[in-house]
Amino acid sequence: RSKHSLVAWGDLLYVFGGDNGKRMLNDLLRFDIKDSSWGRVVTSGTSPAPRYHHSAVVFANSMFVFGGYTGDIYSNSNLRNKNDLFEYRFNTGQWIEWQVNGNIPVARSAHGAVVYKNSMWLFAGYDGNARHIQQIGKRPPTCCNFPIAVARDSMYVFSGQSGAKITNDLFQFHFLEKKWTRITTEHLLKGTPPPPSRRYGHTMVTHDRHLYVFGGAADNTLPNDLYWYDLETETWDVIQTEGELPNGRLFHDADVIGDRLYVFGGTVDNNVRSGELFYFTFSSYPRCTLQEDFGRLLESRQFCDMTFSLNGEEEKIGSHISIVAARSPVLREQLRHLLNKENNSIKESVERPSDDSASSIRQLNRSSNFKEKICIDVGDVNKLAFKVVLWFMYTDQIYPYIKDEHGATTDVMKLMMDVYNFAVRFNLMRLRLLCEQYIEASISTKNVLAALECSQALHLEFIKEFCMRFIIREVHYNQIIHGTDFEDLDKKLMIEIIRRKQLQQHNSIPDTPSQTVLHAPTLKDDLKALLTNDFGEYFSDFVLCLKGKEIKVHKVVLAARSSYFEAMFRSFNPVECKATVKIGDMVPSPQSIETLLRYIYYGDIKMPPEDSLYLFSAPFYFGFTNSQLQAYCKHNLEMNVTHQNVIHIFEASHGIGAKDMKRHALSIIVQQFPSVARHPDIRRLKRELLLEIIDAIADSMLPESNTEVVSVMAFDPYK
């Protein structure tokens with residue numbers, strides 16, 4: 001079926017109404033997630049007439065169904081929208097039709113409905129244009145077939161059908177202020193993925209700090225991608241999922257139970273109704289703070305070991321060799337040249353030669369005037385533009401230095417041209433592409449001439465060509481040449497525009513050729529290269545020692561990501577720039593330290609279960625910004641506990657004080673004790689741990705104890 005409603009109550013899913021392609025429905029189905037069973041609910045009272053595109057919400061122990069489209073779709077008769085309200089009481093199985101007085105909402109279908117505190121809120125839909133609540137702010141276009149979700153005292157609306165006004169904008173309605181806001185994600189400026197394409201018939205739910213969007217019809221396609229929107233960072237991302245993916249579909253419905261998103265039904269290819277039920281397990285890890293950590297490092301100006309000289313040494317800006325070398329191949333070679341020059345000076349001033357270039361850099365780092373010696377002169381430049389470029393090197397974004405990616409002013413456009421020039425000059429391919437996308441999205445009749453002049457002065461041929469083609473378009477040309485800015489334009493450019501227009505009238509000019517998209521490494525890509533590639537070893541200025549092995553690393557990366565290392569480097573510089581790695585009183589394995597460094601450098605949290613044991617307490621010991629690593633370690637262990645490794649995990653979690661993990665391992669031991677008891681590891685456990693196992697087994701044998709394991713499977717009730 002499709003165009004139905006799906007709600008969650010406790011461990012049960014309820015499906016009401018919809019259509020099966022032949023007729024409208026008004027049956028009520030129930031799915032029990034504990035035993036993966038479907039059933040048709042036998043109800044009492046007056047049930048709603050068959051309908052689809054209605055809304056259903058849960059409040060307390062009842063489901064409320066409002067409106068929708070009723071009639072006979074087979075004979076195409078008696079079709080109309082409704083504004084009736086029905087309550088279904090879960091505990092009694094009874095339907096009740098409410099008799100509502102006062103200002104009754106107009107009849108509607110394909111609308112949105114949510115519960116906030118003690119009220120049911122309705123928004124838009126077919127024939128749902130009337131507004132009975134005073135609202136302020138930027139409202140969404142009146143629309144239908146959109147999803148709606150509540151989070152943090154706000155209601156969110158994304159995309160939907162609204163005629164010519166259809167967009168892929170996300171709108172927020174704040175209940176307390178009764179104010180609408182169009183959320184500008186500014187993904188170009190933040191260097192994040194764009195929002196989902198405009199669509200209708202999709203679903204959106206909220207879990208933790210995210211909104212999740214799935215399916216719908218997008219420009220005559222049925223995508224099956226799953227997006228999330230982070231309410232804290234205001235960014236979109238596509239989720240890389242595992243397992244069997246649902247086919248693309250629209251007019252399905254979705255709801256959340258615990259840490260799972262359930263999706264049921266919908267219309268799939270060739271207008272076929274689906275009876276499939278899928279679930280997606282959320283991974284509510286704290287967000288990666290890589291960009292924020294390195295942005296904070298730049299703003300603090302701590303541990304700067306180089307400077308950039310601007311405008312004839314009129315101003316110097318502190319920076320960090322490791323980060324700059326990782327991001328820009330051009331600046332990397334300049335730094336290598338300067339460091340080799342300083343190394344030669346040190347070799348001439350001391351008797352004993354250095355053993356390698358990396359240790360020479362560590363000697364330079366101990367020099368009192370080191371940071372004054374390593375300086376790169378960038379010439380006479382726009383100071384703000386250079387700061388934007390430096391911020392990008394550390395964060396992969398130019399926000400908040402530059403905001404609003406649509407309708408940029410002339411001054412902002414000129415600034416972006418200077419930033420683009422730096423991107424070309426320093427071979428910052430990702431920044432270069434970001435600037436091109438921003439400029440193309442922001443060019444208008446008001447700023448195109450300023451952009452043209454800048455591109456001419458900076459020899460940016462691709463941008464100049466784009467501006468030329470924009471100007472000579474029929475819809476733009478007359479407005480631009482009759483403006484006052486055109487009169488002040490450089491004469492050579494003015495002549496070139498007129499000639500290009502005459503050429504276009506005689507020969508059609510193809511669209512602007514797109515740039516060949518080369519590899520544009522992200523901040524994570526470059527920091528991964530800094531950790532793993534040869535150039536990273538050259539720029540190393542610190543060594544971690546573990547069981548006789550030396551691992552060459554970079555102080556600023558460790559300090560940016562870990563308050564432990566930040567305090568170490570701020571208080572004193574260890575002898576020979578070396579330190580032994582420990583996690584509390586535990587000496588980790590070499591493999592787990594490699595995993596830890598991958599997380600520190602570029603946020604990689606993938607690891608085998610045995611590494612998770614070592615690193616479970618690392619976030620607290622090293623003082624990471626949040627507990628993302630620990631959350632993954634806990635999930636990784638729970639998902640990979642077997643009767644073969646559970647004793648090892650039980651013992652290790654006891655040793656590091658991981659109570660939740662220990663409790664989970666103990667429950668597995670009890671449930672699978674016949675298999676676990678035969679494992680040799682159980683015979684070497686300490687007496688206190690053996691007693692805990694005996695107590696847990698005794699508790700499980702009590703009458704009120706319930707150790708049943710429930711496994712929920714994806715299930716199609718119609719097969």
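A: Cys-304 is buried, with a relative accessible area of 10%, where buried means under 20% relative accessible area, exposed means over 50% and partly exposed lies in between, using a 1.4 Å probe and protein chains only. The model is a predicted one, in which local features need pLDDT of at least 70 and side-chain atom pairs count only at pLDDT 80 or more, while totals for chains, interfaces and linings use all residues. Residues are numbered from 1 along each chain as its sequence is written, and side-chain values use heavy atoms, with hydrogens and water left out.

Cys-143 is buried as well, at a relative accessible area of 6%. The closest cysteine sulfur to that of Cys-143 belongs to Cys-144 and lies 7.0 Å away, which is too far for a bond, since a disulfide is a pair of cysteine sulfur atoms within 2.5 Å. A search of the whole structure finds zero disulfides.

Of the 719 residues of the chain, 50% count as buried.

Helix 10 covers residues 448-457, and seven of its ten residues are buried, so helix 10 is largely enclosed by the rest of the structure. These buried residues are Val-448, Leu-449, Ala-450, Ala-451, Leu-452, Cys-454 and Ser-455. After helix 10 comes His-459, whose phi is positive, near 60°.

Two packed helices are described by the angle between their axes and the distance between the axes. Here the axes are lines fitted to C-alpha atoms, for helices over the stretch in contact, and the angles run from 0 to 180 degrees between N-to-C directions.

With helix 11 (residues 461-471), helix 10 has axes that come within 8 Å and cross at roughly 150°. The two helices are therefore roughly antiparallel, because angles over 145 degrees count that way, whereas those under 35 count as roughly parallel, those from 65 to 115 as roughly perpendicular and the rest as oblique. The crossing of helix 10 with helix 11 is left-handed, a term used if the near helix is turned anticlockwise from the far one by less than a right angle, with right-handed for clockwise. Helix 10 brings Val-448, Leu-449, Ala-451, Leu-452, Ser-455 and Gln-456 to this contact, and helix 11 brings Ile-463, Lys-464, Cys-467, Met-468, Phe-470 and Ile-471, contact meaning heavy atoms within 4.5 Å. Nine of these residues are nonpolar, two are polar and one is charged; Ala, Val, Leu, Ile, Met, Phe, Trp, Tyr, Cys and Pro count as nonpolar, Asp, Glu, Lys and Arg as charged, and the others, Gly among them, as polar.

Helix 10 also packs with helix 8 (residues 410-425), at an angle of about 25° and with the axes 9 Å apart. Helix 8 and helix 10 are therefore roughly parallel to each other, and their crossing is right-handed. In this contact, Thr-410, Met-413, Lys-414 and Met-417 of helix 8 meet Ala-450, Ala-451, Cys-454 and Ser-455 of helix 10. By class, the contact between helix 8 and helix 10 has five nonpolar residues, two polar ones and one charged one.

Terms used
Helix = DSSP H or I, 4+ residues; strand = E, 2+ residues; numbered from the N terminus.
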